[in-house]
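Please look first at the sequence and the structure shown here, and keep both in view while you read the explanation that comes after them.

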Amino acid sequence: MADKELFVQGNEACALGALAAGCTFFAGYPITPSTEIAEVMSRKLPEIGGHFIQMEDEIAAVGAIIGASWAGQKVVTATSGPGISLMQENIGYAVMTETPIVIINMQRGSPSTGQPTRSAQADMMQTRWGSHGDYETITLAPSSVQECFDYTIKAFNLAEKYRCPVFVMADEIVGHMREKITIPEKVEIIPRQMPEKTDNYLPFDAPENGTTPMPSFGQGYNIHVTGLTHDKRGYPSTDDEETHTQLVTRLCDKILKNTNEITSIETEFLDDAETIVLSYGIPSRSALTAVKQARQKGIKVGYIKLGVVWPFAEEELIELTKNAKRIIVPELNLGQIYLEVDRVLGKYAKVELLSKIGGALHTPTEILDKIMEE
Amino acid sequence: MRTDIRIAGFGGQGVLMCGIVIAKAASLFDKNYAVQTQSYGPEARGGASRTEVVVSDEQIDYPKVENPQIFVAMSHEALLKYIDDIKEGAILIIDPDLVYQDEIKDIIENKKLQVYHSKSTETAEQVIGKKIVGNIVMLGSFVEATGVISEESAKQSILDSVPKGTEELNLQAFEEGKKIVKKII
């Protein structure tokens, strides 16, 4: 079988990516603009012996995928802003119990039910700390239909490798737009690592890279899974300061200390760039058009696109932007990742927000005008 | 080179399908690049509806249409709603039975538009016998008037997109569409 070409929507590409990554379980509650993901999964999963469950709400959806993940399945749910809000409690539970889950969020206008059929990127901070407590997650931001497919596969692999929730944060435009995708003949998949022994082992041990093989219910393992602070065996130990400090620090460090492994950055025209447009997700396509137009006018401007937003690629960005005087951050919100860019790069360059809300994408002209302001 | 296309009509005419068939023909069969977007929300269920397609021989960065070089109108309401940002010298293809050309003669003059007529709905009803294939008749006219996608790819894309059992009907609609398109201005 050779590579396959299809002309599909971003939502369909996410579903196909999940299936290619070995997903066998979807639980969710349909919501615009992500509904087509549930539609495709509900058709395809029964064909491969998997399961699709339409839940009563998004709280239950994440509960169900956490349970299925502990039963050895590769799992995903898909939603939009109102659903992501309901999911937060169980996202924290997945963090604490180190459960691999993938959550796809087709962002729409918000707060609350906002603009169901319009685009936004205003849930970006929610994927970082929407649930209570200190923790780190992994967040990917596709800007094309091909990336919907590729990043969803990557999300499954990262979830397995780091045993944590991984978010695919797209938006209404990417979700509903149609483009050609290439489905490769072979897709690299990271399979679930199971412990070698079924008893007298440590399912929450702290090895060098911060993650440990994950047992599965129904396979003969002795397991205890809890959201309470637990020791390496998984048993509650809620009064011991040392246990809590070690556990929560490790949950964060397993992501933060592997930032360079996890992140992916695309760049263009950085060599002599004095101004850099730094973006993620769909505005990066307007940004690249604007940067190319500015280059034709002889302006020294470069382009950076974050494929992975969290963890934030601090060190790499400092290196890439060291010669820049000005960083422009276009976002479909009133300034979220801009704050992080300013925290990291603001000491070295002037960081400027180009925000847009209301549902439409920045036009290249809007970004070009911002570039030309100086 | 990049071509920005907008197709507008009322919900249920198959405007969206027409856009998908064009974009699929361009990307899968002509091996160019294409992006298709559309209006969601209440307007897609009756009222003015539109789809936009960008076709290019290079990778498409900005995926939306700003100033369409080709505008296909299958309803007067949708035409008026979406025509303002049409590019100077653009091709405008209308179904003259559904669009009142006199009412837009200022914009046709000011923007120096090239106007084509395709009586696609009447042809679908009277020649093919199925009003529902009006969008594919219009597609035939689009291909004949613009050449943005090849005829062969358009046919392959139709066969790849339409429900099973309707292939012959749709191919016939496409052929009729090619025949009936007329350059007016």
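Predicted model: local features only at pLDDT ≥ 70, side-chain atom pairs only at ≥ 80, totals over all residues.

Residues are numbered from 1 along each chain as its sequence is written, and chains are lettered from A and ligands numbered from 1 in the order in which they are written.

In chain A, five strands form an open sheet with mixed pairing, in the order β10-β12-β11-β14-β15. Helices (H or I, at least four residues) and strands (E, at least two) are DSSP runs, numbered from the N terminus, and two strands pair if DSSP finds at least two bridges between them. Strands of a sheet pair through backbone hydrogen bonds, either parallel or antiparallel. The edges of this sheet are β10 (265-268) and β15 (350-355) of chain A, each of which pairs on one side only. Strand β14 (residues 326-331) of chain A pairs with β15(A) in the parallel sense over six bridges, and V329(A) has L353(A) of β15(A) as its bridge partner.

Across β11 (275-280), β14 and β15 of chain A lies helix α12 (residues 337-345) of chain A, which runs at about 165° to β14(A). Here axes are lines fitted to C-alpha atoms, for helices over the stretch in contact, and angles run from 0 to 180 degrees between N-to-C directions; two residues are in contact if their C-beta atoms, placed from the backbone, lie within 7 Å.

In chain B, helix α5 (residues 134-146) and helix α7 (residues 167-180) pack with their axes 6 Å apart, at an angle of about 45°. The two helices α5(B) and α7(B) are therefore oblique to each other, where angles under 35 degrees count as roughly parallel, over 145 as roughly antiparallel, 65 to 115 as roughly perpendicular and the rest as oblique. Residues making this contact include I136(B) and L139(B) of α5(B), and A173(B) and F174(B) of α7(B).

How many residues does each chain give to the contact between chain A and chain B? Chain A gives 15 residues and chain B gives 16 residues. On the side of chain A that touches chain B, β1 (4-9), β9 (178-183) and α10 (283-296) of chain A each give two or more residues, and the largest share, four residues, comes from α10(A). Strand β9(A) also pairs with strand β2 (residues 33-38) of chain B in the antiparallel sense over two bridges, where E179(A) has V35(B) as its bridge partner.
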